[in-house]
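User: I would like to learn how to read side-chain features in a model of this kind. Could we go through some cases one by one?

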Amino acid sequence: RYHNTLEYLPPETYMAENSEWYAQYSENPVKNVNVHQLCYTAHGNEEKYNAMVDAMAAACIEELKVNTTLPVMTITQEDNREFCTCDACEAGNRKYGGNLSGNMWLFHLDVVRKINAWLDENQPGRKDTLRICMFAYHNYQEAPAYKDENGEWKAYEGMDATKDPSVSNAAIMYATSSGDFLHGLNRDEYNKKTKNAMLSWKVCTNHSGIWMYQTNYMDYLIPTDTFNYQENYKLCLDFGAKWIFDQGQQDNQNSSGFNDFKLYLNSKLQWNVDLDTDELTKKYFNAMYGPAADIMYEYFLAQRAHMQTLPPSDIEDSMTSSMNFPYNVVKQWIGYTERAYKAIEGLKESNPEYYQLCYDHICVESITARYLLIAMHEGAISPEQLAREKASFKEDVLRLNFTEYAQHLNMTDMVKDW
């Protein structure tokens, strides 16, 4: 579970008597609260704060009673960029170097302390195997830490769980959502802030995971060059990450832009970051495309080369424009798949089953270019060709089970009138 703080403390249950538990906007009156996030200081009311800690811990304990083998419990803020701006939260932000994570991490540690006290009494030994995880995400990415005069990271007072046995299992999941996901995390010209924010958490906890991103959630059908897995995973290993979630198009049953290749690399490199990626690449393309492997590899390299010419982007930037994907580029990409179909033609009679597999794999990778042609360059082709392109595109995405064209947006809705 994630983005679950309001599941644990639902406003409909607690708001009437505990409005201090919920965040407020600075432009609204104090009585006007925003139920998109918690207020991690309870508006400076110590009694209400203690009650909120108790309520959160109690809700978590109820889950631990049911899930007796749960290895990781998450207490993670909601999926938006809102945060409380009450006076107490603002004071805490200043105290912790302007980092909004300080108030939340302090609350998290207080909740973990309560949970661990219960575990020690009721489930002895479980604290050693359970990790209780906070989400370092959006506005809360930077740790409550600072660099000293020697350039070394130091946690602010009360924020170092590595030296406090009562919260030794407190963990964070660091999300790279604000980074330029088209370039490696080690590339300081693009991702210095994101990398430093990630590294800053090392002085606050011994237990960390990384939530990374490998697609553009505004448009699943455009390619995204997030194939720098080896570089990123090596950094995660140096960081001390115990687990990685590299989020792709998990809600889409099929996808273009060589996304299946991403999944293949993930499945290999997350277990061993030192594998030979050239060997992995050769194995994948030969298996997927047979006689068309070399052509499809050319196509793959052409997509990557073009994506590197585009401006920096994060996971929520819309990249869908004819400026980013000119007509001549789209036509070149379509040409690669047309050549690939010809390369497998000999399999049609000699091995029809293998031919169909290779054909479908090529067809999957044609979807990106065909979509770009229809969506951005309809004026470059005749109305008759546009109609044919839409009809064949619709047939193929439905046959190949492309279920979404963007996060939470159904493919059948997009093509129903095509």
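**Reading aromatic pairs, salt bridges and a buried arginine**

Analyst: Tyr336 counts as buried because its relative accessibility is 12%, under the 20% cut-off. Note that this is a predicted model.

User: Which aromatic pair does Tyr336 form, and how is the pair described?

Analyst: A pair of aromatic rings is described by the distance of the centres and the angle of the planes. Tyr336 pairs with Tyr299 at 5.6 Å centre to centre, with 20° between the planes, and the pair is stacked. Tyr299 belongs to helix 10 and Tyr336 to helix 11, so this pair links distant parts of the chain, 37 residues apart. Tyr299 has 0% relative accessibility and therefore counts as buried.

User: What else is buried in helix 10, and what covers its buried residues?

Analyst: Besides Tyr299, the buried residues of helix 10 include Ile295, Met296, Phe300, Gln303 and His306. An α-helix has 3.6 residues a turn, so residues three or four places apart point the same way. The cover over the buried residues of helix 10 includes helix 8 (259–269), helix 9 (277–289), helix 11 (327–343) and helix 13 (352–376). Helix 10 itself runs over residues 293–307, 15 residues in length, and spans 21 Å from first to last C-alpha, close to the 21 Å expected.

User: How many aromatic pairs are found in the whole structure?

Analyst: The search finds 37 aromatic pairs. One of them joins Tyr146 and Tyr156, whose ring centres are 4.9 Å apart with planes at 50°, so this pair is tilted. Tyr146 is in strand 5 (residues 145–147), while Tyr156 is in the loop between strand 6 (153–155) and strand 7 (170–175), 10 residues apart. Tyr146 counts as partly exposed at 33% relative accessibility, and Tyr156 counts as partly exposed at 21%.

User: How many salt bridges does a search of the whole structure find?

Analyst: There are 15 salt bridges. In one of them, Asp110 bonds with Arg113, the closest N and O atoms lying 2.9 Å apart. Both residues lie in helix 5 (residues 101–122), 3 residues apart, about one turn of the helix. Asp110 is partly exposed at 22% relative accessibility, and Arg113 is partly exposed at 31%.

User: Which parts does the salt bridge between Asp360 and Arg399 tie together?

Analyst: The closest N and O atoms of Asp360 and Arg399 are 2.8 Å apart. Asp360 is in helix 13 and Arg399 in helix 14 (residues 383–399), so the bridge ties together parts that are 39 residues apart in sequence. Asp360 counts as buried at 19% relative accessibility, whereas Arg399 is partly exposed at 39%. Asp360 and Arg399 also belong to a network of salt bridges with Arg370 and Asp396.

User: What is the nearest side chain of opposite charge to Arg131, and how far away is it?

Analyst: The nearest is Asp128, at 6.7 Å. A salt bridge requires the atoms to be within 4 Å, and Arg131, though buried, has none. The side chain of Arg131 does reach the backbone oxygen of Asp128, at 3.2 Å.

User: Where is Arg131 found, and which side chain does it join in a polar contact?

Analyst: Arg131 is in strand 4 (residues 131–136). Its side chain makes a polar contact of 3.1 Å with that of His207. Beyond its neighbours within four places in sequence, Arg131 is in contact with Pro71, Val72, Met73, Asn169, Ala171 and His207.

Key:
Residues are numbered from 1 along each chain as its sequence is written. This is a predicted model: local features need pLDDT of at least 70, side-chain atom pairs count only at pLDDT 80 or more; totals for chains, interfaces and linings use all residues. Side-chain values use heavy atoms; hydrogens and water are left out. Helices (H or I, at least four residues) and strands (E, at least two) are DSSP runs, numbered from the N terminus. Buried means under 20% relative accessible area, exposed over 50%, partly exposed in between (1.4 Å probe, protein chains only). Lys and Arg count as positive and Asp and Glu as negative; His and the chain ends are not counted. A polar contact is a pair of N or O atoms within 3.5 Å; within protein, one must be able to donate a hydrogen and the other to accept it, and residues adjacent in sequence count only if both atoms are side-chain atoms. Contact means heavy atoms within 4.5 Å. The expected span of a helix is 1.5 Å times one less than its number of residues. Rings of Phe, Tyr and Trp (its six-membered ring) pair if their centres lie within 6.5 Å; planes under 30 degrees apart count as stacked, over 60 as edge-to-face and the rest as tilted.
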